[in-house]
Amino acid sequence: MSGILITGCRGQLGSDCMRALRGHELHGIDADSADITDEKSLRKIIEDFSPEIVLNCAAYTAVDKAESDEEAAWRVNAEGPGVLGRICAHTGAFLFHISTDYVFDGSRSVPVPWTEEDVPSPATAYGRTKLAGERSVIESGCHFAILRTAWLYGRNGSNFPKTMLRLALEDHSKPRKIVNDQTGCPTASHRLAGQIRTMIDAPHIPNGIYHTVCGGYTTWFGFASRFLELMNIDHCLEPCSTEEYPTQAKRPKNSILKNTALEKIGLNVMGDWDDALNEFVSLNRDFILNEAEKKIEEKKQNKSGTA
């Protein structure tokens, strides 16, 4: 089994990778134990552990905040991957780096997907920093696989389905407007972790960029509606346009990715988004329900304490 170093090991994807890769010799680091932009300290960590594989799940993911603080996003998303790439080039470790659909501007007509051959054209600060990170990895000279994913959700951390669950539990009769003209591929982090394991266990992975999303597509409204239906939670969602729900960072209208490179090498195990969502609910319903109820109770207590 391979020695694997996982950065961002306590995050949404990193924690699922720590579970999915059991059986391998694992070493996880997170923001409070290592700074991926500090080349000297990171080099020592990697050289001491001497992994065959480095899996970079660390990222600055505050899409809207990045518009006003692109410098902070740049350090983690652009400079950090370059640091990891240079160290991996020196040690001979293979680098798996997680990227995003935001490297594309989303202007393509639905349902035409974006493939690995399409030229990136990010329309946001977040997208620019992530694209720079991809290029830093490629230019580092290491052996690499860049995995672009989209609409990621999982058991750990904050994400869109968890927000929808909390809002529905707070007041299921209150109408909630959800964008219905942005289309993408909801991707369960446990499925992506399984895909990464499949690639790690394969005899050979060519250097390159790989789209890694669950198959099919839907809108944010369709995603939210299906999730709450599977959770068996009463809700009152109303479809709306992007213009009715403005955000600081421009969201891509078309975030549909196609896993062309994975299919070409016969390793695409992502499955359909609806199947993955069903599986996610089956595995995690009680956990995420209890978590949401706890947050609602904490919110009530905080309000009563400041009244």
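**View 1. R10 reaches across to D30 in a salt bridge.** (Buried means under 20% relative accessible area, exposed over 50%, and partly exposed in between, using a 1.4 Å probe and protein chains only.) The closest N and O atoms of the two residues are 3.7 Å apart; to count as a salt bridge, a side-chain nitrogen of Lys or Arg has to be within 4 Å of a carboxyl oxygen of Asp or Glu. R10 sits in the loop between β1 (3–7) and α1 (12–20), and D30 in the loop between β2 (25–29) and α2, so this pair links parts of the chain that are 20 residues apart. Helices here are DSSP runs of H or I with at least four residues, strands are runs of E with at least two, and both are numbered from the N terminus. Keep in mind that this is a predicted model, where local features need pLDDT of at least 70 and side-chain atom pairs count only at pLDDT 80 or more, though totals for chains, interfaces and linings use all residues. Residues are numbered from 1 along each chain as its sequence is written, and side-chain values use heavy atoms, with hydrogens and water left out.

**View 2. D16 and R19 pair up within helix α1.** The two residues are three places apart, about one turn of the helix. Their salt bridge has its closest N and O atoms 2.5 Å apart. D16 is buried at 8% relative accessibility, whereas R19 is partly exposed at 31%. The count of salt bridges comes to 22.

**View 3. R108 meets both D118 and the ring of W114.** The side chains of D118 and R108 form a salt bridge of 2.8 Å, N to O. Both residues lie in the loop between β4 and α4, so the pair ties together parts that are ten residues apart in sequence. D118 is buried at 19%, and R108 is partly exposed at 26%. R108 also lies over the face of W114, 4.1 Å from the ring centre. (A charge sits over a ring if NZ of Lys or CZ of Arg is within 6 Å of the ring centre and within 35 degrees of the ring normal.)

View 4. E39 is in helix α2 (residues 39–49) and is partly exposed, at 25% relative accessibility. The C-alpha atoms of E39 and I87 are separated by 8.0 Å, although the residues are 48 apart along the chain. Salt bridges with shared partners join E39, R43, E47 and R86 into one network.

**View 5. Y102 and Y126 make an edge-to-face aromatic pair.** Their rings are 5.3 Å apart, centre to centre, with 80° between the planes. (Rings of Phe, Tyr and Trp, the last by its six-membered ring, pair if their centres lie within 6.5 Å; planes under 30 degrees apart are stacked, over 60 edge-to-face, and the rest tilted.) Y102 is buried at 12%, and Y126 is buried at 8%.

**View 6. Y153 and F223 belong to an aromatic cluster.** This pair is tilted, at 5.4 Å centre to centre and 55° between the planes. Both Y153 and F223 are buried. Other members of the cluster include W151 and W273.
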